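User: I am new to this model. Please take a close look at a single part, then link it to another region.

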Amino acid sequence: MSRKIRVVVIDDQEVVRIGVRAALESNGRIEIVAEGATEADALRLANAHHPDVLLLGLNTINNAKLAHRTLSAFDTIRRLVKGCQTKVLVLSRHGQKGLMHTMLHAGASGFMLKDEAMNSCEALAQAVVDIFRKRKLPMSHTLYEKLFLPGPEIDDMPRLTKRRIEIMQAIADNPHLTLAQVADLLGIAESTLRNNLSAISRTLDTPNVNGAMIECLRLGIVQINH
């Protein structure tokens, strides 16, 4: 290899950034050129440093925040790939099938579980090298099985009416709208929307609408299209 692979690390936890830096810099083929904590940092640093690979951490554990973070990361990855011509490796604490599909659909070149990446410096460094060399999709055997092996049978999946799927899709398509604005978009009262969201959460056995969104993404009921 004629030069080192230039990498930007984005994660909202400093301890993770330190761990990633130590893991990657132990590999003589990789150079960390910048670090940041937010999606805004990712775009700014990608434009400033033109890295070969950007590691984007998804660390939020609380389901109430994950749906918004997923949508934000989706937009960020699309802008990094299309605008900055940067390859993206997602590191996530979550391995739901829908989340992986969403990140890869946005344009990510690889997806690794945070614990797996932190437990193996060699695996993380090799994933970066593989992405740079445009080799196979970096993914553990566990994640590969989740993503490519047959999922639950349709009869075993929670049933949502067409209208309730439309409601969840409208929320996914318009993440910055309030519930009142979504209700107006759908042509229904806000109280009707809230009643439907409560029913959806019960059907999917989730504590709130954000948890329901994650479950819809995992099952493929809702897609992020913007």
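In helix α10, the buried residues are L193, N196, L197, A199, I200, S201 and L204. Buried means under 20% relative accessible area, exposed over 50%, and partly exposed in between (1.4 Å probe, protein chains only). This is a predicted model: local features need pLDDT of at least 70, side-chain atom pairs count only at pLDDT 80 or more, and totals for chains, interfaces and linings use all residues. Residues are numbered from 1 along each chain as its sequence is written, and side-chain values use heavy atoms, leaving out hydrogens and water.

An α-helix has 3.6 residues a turn, so residues three or four places apart point the same way. Helices (H or I, at least four residues) and strands (E, at least two) are DSSP runs, numbered from the N terminus. Just after α10, D205 takes a positive phi of about 60°.

Now to strand β1, residues 5–10. Five of its six residues are buried, so the rest of the structure largely encloses β1. Two strands pair if DSSP finds at least two bridges between them. Strand β2 (residues 30–36) runs parallel to β1, joined by six bridges. Here R6 stands opposite E31. Strand β3 (residues 53–58) is also parallel to β1, with four bridges. There V8 has L54 as its bridge partner.
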